[in-house]
Amino acid sequence: MPPVPRGRGLRDPNLRDRLYELLEHDPLAYSVGSRFIQLIIGVIVLDVVAMILASVPDLDAQFGALFSAIKIFAVIVFALEYAARLWTVAGHTQREASALSDRLGYAFSALGIIDLMAFLPAAIVLAAGRHATLAALGVLPFFKLIRYSPAMRSLLAAVHAERRALIGCIVILIGAVLTFASLLYAIERDVQPDKLGTIPQAMWWAIVTLGTVGYGDVVPVTALGKFISVFTIIAGFAMIALPVAIISTAFAEEVKRRDFVVTWGMLARVPLFSHLSASEIADIMRLLRARTIEQGEILVRRGDAASSMYFITAGEVEIALPSQQVRLADGTFFGEIALLHKTKRSGTVTATRKTRLLVLDAQDFHALIARMPTLAAHVHQTAKARLEETGDLAAAELAQAEKEGR
């Protein structure tokens, strides 16, 4: 991070913008922002594990001071993070409002409340000196992972999107509980007055039976009561299957929607596609597949058969050619020359850092440039320039390709 100019300090708006990007941006693993996320996740895991172990009397007696130190450290980290988010959110919301309004919006948002609850109750308990209560608060920081887990955010979004349907399921469940409880109460109240003598007592049986738990503490003894129990159990299967089906379908749709947005954003970073219309980009998206390679990983080797073209959406790769080494970064593409000439790879491609790629298979590549002349012209122009400037393909390889073509 660049140094803050002397004399401006925390009042420097550029510092606030940089800190906001550090806290909110979703970067690659090699960036400062990602290392910060890894630090927060590490503190969360350490805090939760320490509080779980602190609930064991023998371990607490031996390592109690260490567990308390971990909790104090976690409280300080989470408090500083909350303060930083509260300060930097001003001016970075979608609506145009005052800094106070932006900060209040974050403070009362779901994520803001989770960030606050991750440290405030534990800080109060530590200040009060009731260290035994800390174990009960160990689960609160775990919910901070919602911010850093796309899967958890997608699940919560799916539940929120289907909230009306889920509320309908709860209403149906309440109706089923009341119906079966009333029936069994009418049938068994004189036979088992101590267990089913009131409707609230019968509701306990209905809830346990509909939930397919069946504790066995309350069971019907009459033939008609057992007959009603059969229908209650069958209805219980439907009560479980209905919300599960709703949530699973909504979750799958949310994942697809998130993948669509992510892929669209990755395509927008590639200048080759910047001039295309929305329908053309959507058409290309169906052909591309995302791939991530780690630092030092070899993507292709010299002499391999050309099977794909690659677009770099974030990261950097190094191509070792016969005469030189070329580095390509965000927004560039490679692999098109071997596909155009239908020859083997002319260089070895290695990731210099963690890199996100979009991969286009050879068959889809030729079909794409056949139906998009503008895109084909750009690809051919780039390939020609690379052949002239970098010697991307050896002359012998081109001659071999032409010979095989004849």
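In which helix do Phe63 and Phe67 lie, and how many residues apart are they? Both lie in helix 3 (residues 57-88), four residues apart, about one turn of the helix, where helices are DSSP runs of H or I with at least four residues, numbered from the N terminus. This is a predicted model, in which local features need pLDDT of at least 70 and side-chain atom pairs count only at pLDDT 80 or more, while totals for chains, interfaces and linings use all residues. Residues are numbered from 1 along each chain as its sequence is written, and side-chain values use heavy atoms, with hydrogens and water left out.

A search of the whole structure finds seven aromatic pairs (rings of Phe, Tyr and Trp, the last by its six-membered ring, with centres within 6.5 Å; planes under 30 degrees apart count as stacked, over 60 as edge-to-face and the rest as tilted). One of them joins Phe63 and Phe67, a tilted pair at 6.4 Å centre to centre with 55° between the planes. Phe67 is buried at 7% relative accessible area, whereas Phe63 is partly exposed at 35% (buried means under 20%, exposed over 50%, partly exposed in between, with a 1.4 Å probe and protein chains only).

The rings of Phe142 and Phe143 have their centres 6.2 Å apart and their planes at 75°, so this pair is edge-to-face; Phe142 is partly exposed at 37%, and Phe143 is partly exposed at 38%. Elsewhere, Tyr82, Tyr106 and Phe119 form one aromatic cluster.

Turning to helix 12 (residues 223-268), Val230 has its place there and is partly exposed, with 45% relative accessibility.

Methods:
Helices (H or I, at least four residues) and strands (E, at least two) are DSSP runs, numbered from the N terminus.
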